Amino acid sequence: MYSFLLSILALILGYIVYGAFVDRMFGPDPNRPTPALTKADGVDFIRMPSWRVFMVQFLNIAGTGPIFGAIMGAKFGPASYLWIVLGCIFAGAVHDYMVGMMSVRNGGVGVPELVGKYMSKTTKVVMLVFSIVLLALVGTVFVYSPALILGDMAGDGSRGAVMLWVGIIFLYYIVATLLPIDKLIGKVYPVFAFALLFMAAALMVCLFIKWPHLPEIWDGLGGWQDKVGLKNQPIFPCLFITIACGAISGFHATQSPMMARCMDNEKLGRPIFYGAMITEGFVALIWAAVASWFFFDGGAAQVGSDITAAAPAVVTKVSRGWLGLVGGILAVLGVVAAPITSGDTAFRSARLIIADFVKLPQKKLYSRLVLAIPLFAASALLLWYNIEDVNGFNVIWRYFGWSNQALAAIMLWTATAYLVREKGKLWYLVTFLPALFMTAVCVTFILVDKIGFGVPQEYTPWIVLASVVLAIAGFYRLSHRKHKN
């Protein structure tokens with residue numbers, strides 16, 4: 001528990017100290033009109049109250065990520081605490097802040113436009129395809145998983161029941177994607193965000209009351225995964241792919257521009273972008289501590305389960321066991337509502353990214369339909385295929401985890417290019433160092449893991465060295481070419 005308490009304190013200090021440093025480095029201008037004011041269209045560019053923007057941003061980037069990822073990551077032992085804290089403060093929150101503020105400074109544009117401006121036009125096209133595929137995977141997975149749970153809860157987990165719930169969720173996605181952001185998302189999301197925060201706070205109180213004996217950082221960082229069936233999954237790089245949303249996630253880069261179109265003052269960037277990520281870190285830490293109790297302190301047996309339980313089962317078992325009826329309701333919100341609210345913004349973000357690329361204004365409903373219908377059709381086909389082969393979803397999810405972190409690395413490089421161009425000196429190290437680390441993580445994982453190329457793990461140090469050297473050389477070559485132009 002002491003490691004958990006120190007981690008909570010570190011996150012608070014991270015926001016106060018490092019968050020202020022990053023904010024001063026970027027230099028927000030409170031007198032500069034934001035896209036919500038200069039490009040207001042009543043659909044996507046809409047000024048909303050700052051508290052509402054924060055809550056929507058928090059739920060957009062959170063969903064089930066800081067819950068399920070932290071639970072699975074807790075199997076690696078107390079190393080999960082370090083990754084959540086250090087990753088959140090120095091990588092994830094910086095990533096979200098820089099993407100959000102760069103979007104504000106560039107008229108609320110999305111990921112491909114930012115990459116095209118600060119990296120290269122070729123990379124812009126690659127990022128367009130990469131972003132759309134990633135968002136389609138998110139939307140598809142977050143249709144199917146809550147549909148399965150709702151079908152089981154209704155007492156009928158048959159294919160027909162699941163398809164019924166898929167249809168209902170898809171209908172909601174279509175409505176949420178097409179309506180102005182303040183009509184449905186702006187009103188409903190704050191409620192679910194509050195439920196997610198209340199659940200985390202209630203569990204933290206229970207942790208203080210129970211004061212379980214949890215693995216501490218000074219007990220050692222490695223070897224814990226062998227106790228819960230994670231043999232041959234080393235902390236590096238597996239932990240850094242498993243815990244994404246609680247530390248750093250490329251999916252956030254697709255969400256921050258949506259709120260960049262709704263904030264009315266650049267000074268709100270720190271609490272909305274950096275602060276929402278730190279808040280997500282708190283949620284991830286709490287669930288990592290709860291999962292540590294579940295896996296390593298006999299908690300599984302106490303709530304009528306075993307340590308082989310999947311993340312959704314851990315959520316429902318612990319919530320009902322610790323919080324009773326209220327916990328059961330909140331668990332449903334966590335494992336059903338949260339992924340749904342991530343799925344609809346994934347499709348909305350995909351629509352906006354394509355609209356930016358083809359220069360199609362989205363004020364008219366017809367223009368939104370032109371872009372949204374192909375997205376939903378592609379998702380429906382992917383969904384139909386994988387309902388016939390459920391194992392296909394496991395493959396989709398594992399590749400999503402890698403592509404998610406790869407996108408984070410690319411956006412950190414984009415932010416580094418921005419800092420080199422706009423700030424000079426050594427400010428770019430703020431994003432340069434985490435970009436290097438995430439590049440090494442992603443390259444190593446795809447080469448070593450069995451879903452990748454299956455290279456023997458003993459080659460990991462050489463892979464890391466090669467990826468770092470090539471990344472540095474490639475970045476400085478690109479920076480030199482940009483400087484000459």
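User: Where does threonine 279 lie?
Analyst: In this predicted model, threonine 279 lies in helix H12, which covers residues 269–296.

User: Buried or exposed?
Analyst: Threonine 279 is buried, because its relative accessible area is 16% and the cut-off for buried is under 20%.

User: And which residues is threonine 279 in contact with, leaving aside its neighbours within four places in sequence?
Analyst: With those sequence neighbours left aside, the contacts of threonine 279 are Phe54, Phe58 and Leu197.

User: Switching to tyrosine 366, which helix is that in, and is it buried or exposed?
Analyst: Tyrosine 366 belongs to helix H15, made up of residues 365–388, and it counts as exposed because its relative accessibility is 62%, where exposed requires over 50%.

User: What separates its C-alpha atom from that of phenylalanine 400?
Analyst: The C-alpha atoms of tyrosine 366 and phenylalanine 400 are 31 Å from each other, and the two residues are 34 residues apart along the chain.

User: OK, surface now. Which residues form the nonpolar patch?
Analyst: The patch consists of Tyr2, Leu6, Leu9, Ile12, Leu13, Ile16, Val17, Phe208, Trp211 and Trp218, and together these residues have about 1,000 Å² of accessible area.

User: Which helix gives the largest share?
Analyst: That is helix H1, residues 2–26, from which seven residues of the patch come. Leucine 9 is found in H1, and with a relative accessible area of 45% leucine 9 is partly exposed.

User: What about H17, does the span of its 20 residues agree with what a helix should have, or disagree?
Analyst: The span agrees: at 1.5 Å a residue, the 20 residues of H17, numbered 429–448, should span 28 Å, and the C-alpha atoms at its ends are 28 Å apart.

User: How many of its residues are buried?
Analyst: In H17, 15 of the 20 residues are buried, so described as mostly covered.

User: Zooming out, how many helices and strands are in the chain?
Analyst: The chain has 18 helices and zero strands. Its C-alpha trace spans about 60 × 50 × 40 Å along the principal axes, and buried residues make up 59% of the 485 residues.

User: What radius of gyration does the chain have, against that of a compact globule?
Analyst: The chain has 21 Å, which agrees with the value near 23 Å that a compact globule of 485 residues would have. Among the contacts with a separation of 6 or more, 83% are between residues 24 or more positions apart.

User: And the accessible surface of the chain, what does it come to?
Analyst: The total is about 19,200 Å², and carbon and sulfur atoms account for 68% of that surface.

Terms used:
Residues are numbered from 1 along each chain as its sequence is written. This is a predicted model: local features need pLDDT of at least 70, side-chain atom pairs count only at pLDDT 80 or more; totals for chains, interfaces and linings use all residues. Side-chain values use heavy atoms; hydrogens and water are left out. Helices (H or I, at least four residues) and strands (E, at least two) are DSSP runs, numbered from the N terminus. The expected span of a helix is 1.5 Å times one less than its number of residues. Buried means under 20% relative accessible area, exposed over 50%, partly exposed in between (1.4 Å probe, protein chains only). Patches are made of residues with over 30% relative accessible area and no salt bridge: like charges are joined within 9 Å, nonpolar side chains (Val, Leu, Ile, Met, Phe, Trp, Tyr) within 5 Å. Accessible areas come from the Shrake-Rupley method with a 1.4 Å probe; for residues, only the protein chains shown count as cover. A salt bridge is a side-chain nitrogen of Lys or Arg within 4 Å of a carboxyl oxygen of Asp or Glu. The radius of gyration is taken over C-alpha atoms; the globule rule is 2.2 Å times the number of residues to the power 0.38. Contact means heavy atoms within 4.5 Å.
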